Amino acid sequence: MTFQVYDTTLRDGAQREGLSYSVVDKLAVARLLDDLGVGFIEGGWPGAVPKDTEFFRRARTELDLRHAVLVAFGATRKAGLAVEDDPQVRGLLDARTPAVALVAKADLRHVERALRTTAEENLAMVRDTVAYLVAQGRRVFVDGEHTFDGFRHDPGYTAAVVEVALAAGAERFVLCDTNGGMLPSQVTAAIEELVARTGVAPERLGMHAQNDTACAVANTIAAVEAGVRHVQGTANGYGERPGNADLFAIVANLQLKLGMPVLPEGCLEQMVRVAHAIAEIANIAPDTHQAYVGAAAFAHKAGLHASAIKVDPLLYNHVDPAVVGNDMRILVTEMAGRASIELKSRELGLDLAGHPDALSSVTARVKELEAGGWSFEAADASFELLVRSELPDAAPARPFALESYRVLVEHREDGAVVSEATVKIRVRGERVIATAEGNGPVNALDEALRVGLARHYPELREFELADYKVRILEGSHGTGAVTRVLVETAGAGRDWTTVGVHPNVVEASWHALVDALTYGLDRARAQDGAPA
């Protein structure tokens, strides 16, 4: 049977705490998932959730899916009610999707305590609803809620639910680890026993795993290795409690580790773009350490790693990052050796291989600065300036020279707190004094420096202070602690990060600001072909 990749980001993933998609958001996420090449997109519960009803209505005219089939989610008919009279079943039909997913109780304890009905009536509810929807021309998937827990409690009854659903015409019966408590070996054993008990082909089973044991992806892969050919997951593992199985890790593992082409050709390389775009829509910062798609997924810090990567990148990368749309990065820290510095410099377009003295000098300087609290792994721009300063044909270190700066904070009678900064600098032989106000000492200092440089460097108008982070370094205490400042600057279609360290937060900020403007001016002049 055809392998099925089934996404439930818009329904189960939306149950994540603090996450709420608008209809427009849901349409945008659906388009991104279709770009990834998933086979099915579960859009929500029409009839039960007004937003989801609206989503399906708009999807009919606004979504032009190339790869995916849209799925409406609902439940089996209510106990004691004829299926054709059940309004939520009617809502599934009104959604007009080619496929529907039904949640059904697969644990006898839930049947008796939650549904408050009999074992026989629950089986009839499954049978009637599946058969009715199939007769209406729908493809039907049945999600067996609490399948694994139910199978442990009463394997005979859970097996009967599976048999009834498939006999009534369900395309797949999905084994749901609803509480997320399973381990991979337990998943394998349960599937093997279920198949042996029922005679059902494992290809007709699916897997839906929650991540309460941090095993959701592993449990899903174990199910596939046991013969299951339908997997469910969510983008970035979004979902209730610790979340669902991360669909990106699932499909990457299946395709790259098990050699199963579960996505259309050329789609896997869209994974990083899709993962980050969905995170932006969800207003959730991307997880930098997420497998395959995180910014740190192929980032190397240890000098030993870098030495091997210099010979062959695959010696320390488990796959080529490009196959999922990611990149390898070398981090420059106190752990860095010559190989790390050389590789990182090459990544930034600087070749230190032909300058062994400069390479030694940069390596020693990095180790010295890192020991004092500097960190270059998140500040590529400051690192690049350091490397350039050690090259034989190094340009002048700064576009200006500091004479002095002063920052005042004034608490005014009306309660307003205003900062004022004055900088005295020398620019191209001219002494410049500039003053500016800001909403804080660092903002005032930044504004004053820009005022002083503006006439000589009009490019500064393109630059904007995008982010400012302050951290008290570990091992330091009280007001005398050493402070690290990271400044992110944006301009001319790109952004860059610089670092400064000092016991005084304003002085640390000054170092980062000077690097930020110096780097930006260097880049701007390089693009124009002018000397920096």
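Mentor: Helices (H or I, at least four residues) and strands (E, at least two) are DSSP runs, numbered from the N terminus. Residues are numbered from 1 along each chain as its sequence is written, and this is a predicted model, in which local features need pLDDT of at least 70, side-chain atom pairs count only at pLDDT 80 or more, and totals for chains, interfaces and linings use all residues. Side-chain values use heavy atoms, with hydrogens and water left out.

Trainee: Where does Tyr-292 lie, then?

Mentor: Tyr-292 is in the loop between helix 11 (271-282) and strand 9 (299-300). Although not a glycine, Tyr-292 has a positive phi of about 70°.

Trainee: Is Tyr-292 buried or exposed?

Mentor: Tyr-292 is buried, with a relative accessible area of 4%. Buried means under 20% relative accessible area, exposed over 50%, and partly exposed in between (1.4 Å probe, protein chains only).

Trainee: And what phi does Arg-96 have?

Mentor: Arg-96, also not a glycine, has a positive phi of about 60°. Arg-96 sits in the loop between helix 3 (87-94) and strand 4 (99-105) and counts as exposed at 58% relative accessibility.

Trainee: Changing topic: how many bridges join strand 14 to strand 15?

Mentor: Eight bridges join strand 14 (residues 464-472) to strand 15 (residues 483-491), and the two run antiparallel. Two strands pair if DSSP finds at least two bridges between them. Glu-464 has Ala-490 in strand 15 as its bridge partner.

Trainee: Which residue in strand 16 is the bridge partner of Val-485?

Mentor: The partner of Val-485 is Gly-500. Strand 15 and strand 16 (residues 494-502) are antiparallel and joined by nine bridges. Their hairpin has two residues between the strands, and Ala-492 there takes a positive phi near 55°.

Trainee: Which residues form a nonpolar patch on the surface?

Mentor: Val-470, Ile-472 and Val-505 form one, with about 230 Å² of accessible area together. Ile-472 lies in strand 14 and is partly exposed, at a relative accessible area of 47%. Patches are made of residues with over 30% relative accessible area and no salt bridge; like charges are joined within 9 Å, and nonpolar side chains (Val, Leu, Ile, Met, Phe, Trp, Tyr) within 5 Å. The areas come from the Shrake-Rupley method with a 1.4 Å probe, and for residues only the protein chains shown count as cover.

Trainee: How many aromatic pairs does a search of the whole structure find?

Mentor: The search finds nine aromatic pairs. Rings of Phe, Tyr and Trp (its six-membered ring) pair if their centres lie within 6.5 Å; planes under 30 degrees apart count as stacked, over 60 as edge-to-face and the rest as tilted. Trp-45 and Phe-73 form an edge-to-face pair, at 5.2 Å centre to centre and 75° between the planes.

Trainee: Which parts does that pair of Trp-45 and Phe-73 tie together?

Mentor: Trp-45 is in the loop between strand 2 (40-44) and helix 2 (50-62) and Phe-73 is in strand 3 (residues 69-75), so the pair ties together parts that are 28 residues apart in sequence. Trp-45 is partly exposed, at a relative accessible area of 25%, whereas Phe-73 counts as buried at 4%. Phe-463 and Trp-496 have ring centres 5.4 Å apart and planes at 85°, so that pair is edge-to-face. Phe-463 lies in the loop between helix 16 and strand 14 and Trp-496 in strand 16, 33 residues apart. Both Phe-463 and Trp-496 are buried.

Trainee: Now for charges: how many salt bridges does the structure hold?

Mentor: The structure holds 23 salt bridges, each a side-chain nitrogen of Lys or Arg within 4 Å of a carboxyl oxygen of Asp or Glu. One of them joins Asp-34 and Arg-66 (4.0 Å, N to O). Asp-34 lies in helix 1 (residues 23-36) and Arg-66 in the loop between helix 2 and strand 3, so the pair ties together parts that are 32 residues apart in sequence.

Trainee: Is Asp-34 buried or exposed?

Mentor: Asp-34 is buried, with a relative accessible area of 3%, while Arg-66 counts as exposed at 57%. A network of salt bridges links Asp-34, Asp-35, Arg-66 and Arg-273.
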